[in-house]
Amino acid sequence: MKTVLKNIDYLVTMNEKREELKGAYIVVEDGIIVDVGRGTPLSGDVEIDLSGRIITPGFVNTHHHFYQSLFRSVKEVASAKLFDWLVFLYERWKNLDNEAIYVSSKVAIYEMMASGVTTTTDMLYLHPTGRKEFIDSEIEAARSTGVRFHPTRGSMSLSTKDGGLPPDTVVQSEREIIEDSVRLIVKYHDREKHSMLRIALAPCSPFSVTEESMVRTAELAGQYDVLLHTHLAETRDEDDFCIEKKGLRPVDFMEKVGWLNERSWFAHLVWLSDEDIKKLAEHDCGMAHCPSSNMRLGSGIARVKEMKEAGIRISLAVDGSSSNDTGNMLLEIRNALMLQRVLKGADALSPRDVLEFATLGGAKVLRMDDYIGSIEPGKSADLAAFRLDTLSMAGGLSDPVASLVLCDPHKSDLVMIDGKIRVQNGRIVDGELSEVIKRHNEISCRLIES
């Protein structure tokens with residue numbers, strides 16, 4: 001079936017030339033973009049008039065914890081620093097079950113999708129004693145939403161008795177972690193171009209698993225040709241903790257355990273030295289920048305300008321909803337721009353720079369830029385459209401691309417993933433959404449009060 005998107009006012013392609021087209025069209029067949037141009041296209045089986053809209057590649061979210069959408073704005077830790085925040089919430093998170101994972105995953109995905117996200121990853125590192133197949137539950141939820149999904153098999157093996165932060169009830173043995181990682185890769189990982197589902201491996205942090213586990217995970221990733229992900233250099237406390245426990249700063253420790261390579265991408269990277277940035281760039285590592293979460297927890301401001309200049313692959317992420325507490329990628333794009341200007345001045349980054357982080361940058365970090373991240377023939381039909389005639393965009397038409405970042409359209413008008421419409425007229429295409437939200441709130445109240 002041929003779908004034609006026509007009369008597009010502004011089209012941001014993110015192709016090699018970074019072309020921006022006025023009066024454009026996109027032709028999609030079987031989930032693949034087959035033609036992009038200006039003017040009037042040939043007719044299609046389905047034609048969608050997108051006059052009065054700006055279209056971008058779908059946004060790519062590279063770090064999240066879906067289950068945390070059940071724990072937003074928890075009163076006791078609304079103003080806590082990272083370590084205190086974690087210690088308090090672990091005691092609630094230990095009661096998660098498969099239904100909670102499934103429902104919270106749908107809510108988290110749909111919230112992002114409403115802001116233009118078409119591809120997302122997730123780090124699920126909590127596996128409470130007696131509970132199994134949490135990753136399977138979120139994969140089931142992701143499939144039901146139609147999002148392009150790259151979950152990471154998170155893990156923790158060091159509890160408080162071993163010098164870590166989490167309680168015994170949410171950690172696993174290293175044997176359990178490795179066995180389940182292999183199971184998930186074999187069962188779900190799709191290496192083919194245009195894949196809707198891939199798996200990565202993600203120990204929660206350098207101080208939540210053993211050094212041997214970090215090494216073994218890196219070896220396993222090489223053996224099965226999958227990516228690696230973890231939190232790194234998020235707070236000053238983490239820097240001190242890593243030096244105390246490992247005798248090295250976080251990036252140096254990553255080098256020691258074999259994680260500085262082209263498979264790895266790291267969330268946060270706030271507390272970096274010049275030498276750290278140089279090492280990450282030399283080893284072709286990626287970054288998931290989480291500006292709202294870093295502000296929310298008072299973690300600091302990542303040196304994104306310097307990392308961009310060094311050639312590090314940079315993407316954006318909403319992070320978990322307990323530390324954001326929203327899943328709006330438009331907000332992350334804007335905050336990424338504003339934070340760098342606070343740190344480095346008004347010319348630190350441009351609106352187009354941060355828009356690229358959210359699209360092609362995310363695709364490059366996930367090593368999926370051969371089929372997502374831009375709008376051009378041969379790529380998957382993943383895109384987001386935003387109305388230009390809204391109150392918040394009024395007066396911003398001299399440069400609609402910059403206005404998309406600076407003025408904030410609040411939400412997408414249309415989202416297409418793999419050639420299928422998932423948001424239409426500003427609404428999620430799922431008749432059961434209200435029931436999902438209702439059940440989500442019921443589970444949330446039970447877990448927070450537990």
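Tutor: In this predicted model, a residue counts as buried under 20% relative accessible area, as exposed over 50%, and as partly exposed in between.

Student: Why is Cys407 called partly exposed?

Tutor: Cys407 has a relative accessible area of 28%.

Student: What makes Cys242 buried?

Tutor: The relative accessible area of Cys242 is 3%.

Student: Why is Gly431 called exposed?

Tutor: Its relative accessible area is 82%, and exposed means over 50%, so Gly431 qualifies. Gly431 sits in the loop between strand 17 (427-428) and helix 14 (433-448).

Student: Lys379 is also in a loop. Why is Lys379 called buried?

Tutor: The loop runs between helix 12 (351-365) and strand 14 (383-387). Lys379 has 7% relative accessibility; the limit is under 20%, so the residue counts as buried.

Student: What makes the pairing of Lys379 and Ser374 a polar contact?

Tutor: The two side chains meet at 2.5 Å, and the cut-off for a pair of N or O atoms is within 3.5 Å. The side chain of Lys379 also reaches the backbone oxygen of Ile372, at 3.5 Å. Setting aside residues up to four places away in sequence, Lys379 touches several others, including Gly31, His194, Asp370 and Tyr371.

Student: How do you know that the protein chain agrees with a compact globule?

Tutor: For 450 residues, a compact globule would have a radius of gyration near 22 Å, and the protein chain has 21 Å, so the two agree. The C-alpha atoms fill a box of roughly 65 × 45 × 45 Å along the principal axes. Of the 450 residues, 60% count as buried. The chain has 14 helices and 17 strands.

Student: What makes a group of residues a nonpolar core?

Tutor: The members are buried residues of types such as Leu, Trp and Tyr, joined through side-chain atoms within 4.5 Å. The largest such core here has 110 residues, and those with the most contacts inside it are Trp93, Leu96 and Tyr125. Helix 2 (residues 98-114) gives the most to this core, with nine residues. Apart from it lies another core of 18 residues, among them Ile8, Ile26, Ile55 and Met416. Nonpolar side chains in soluble globular proteins tend to be buried together.

Student: Which residues does Trp93 touch?

Tutor: Among them are Tyr67, Phe71, Trp85, Tyr125 and Pro128, not counting residues up to four places away in sequence.

Student: What makes the backbone at His410 worth a remark?

Tutor: Most residues other than glycine have a negative phi. His410 is not a glycine, yet has a positive phi of about 75°. His410 lies in the loop between helix 13 (400-406) and strand 15 (414-417). Its relative accessibility is 51%, and exposed means over 50%, so His410 counts as exposed. Asp418, which is not a glycine either, has a positive phi of about 55°.

Student: Which form does the peptide bond from Asn324 to Asp325 take?

Tutor: That bond is cis, with omega near 5°. Most peptide bonds are trans. Asp325 is in the loop between strand 13 (313-316) and helix 11 (329-344).

Note on methods
Residues are numbered from 1 along each chain as its sequence is written. This is a predicted model: local features need pLDDT of at least 70, side-chain atom pairs count only at pLDDT 80 or more; totals for chains, interfaces and linings use all residues. Side-chain values use heavy atoms; hydrogens and water are left out. Helices (H or I, at least four residues) and strands (E, at least two) are DSSP runs, numbered from the N terminus. Buried means under 20% relative accessible area, exposed over 50%, partly exposed in between (1.4 Å probe, protein chains only). A polar contact is a pair of N or O atoms within 3.5 Å; within protein, one must be able to donate a hydrogen and the other to accept it, and residues adjacent in sequence count only if both atoms are side-chain atoms. Contact means heavy atoms within 4.5 Å. The radius of gyration is taken over C-alpha atoms; the globule rule is 2.2 Å times the number of residues to the power 0.38.
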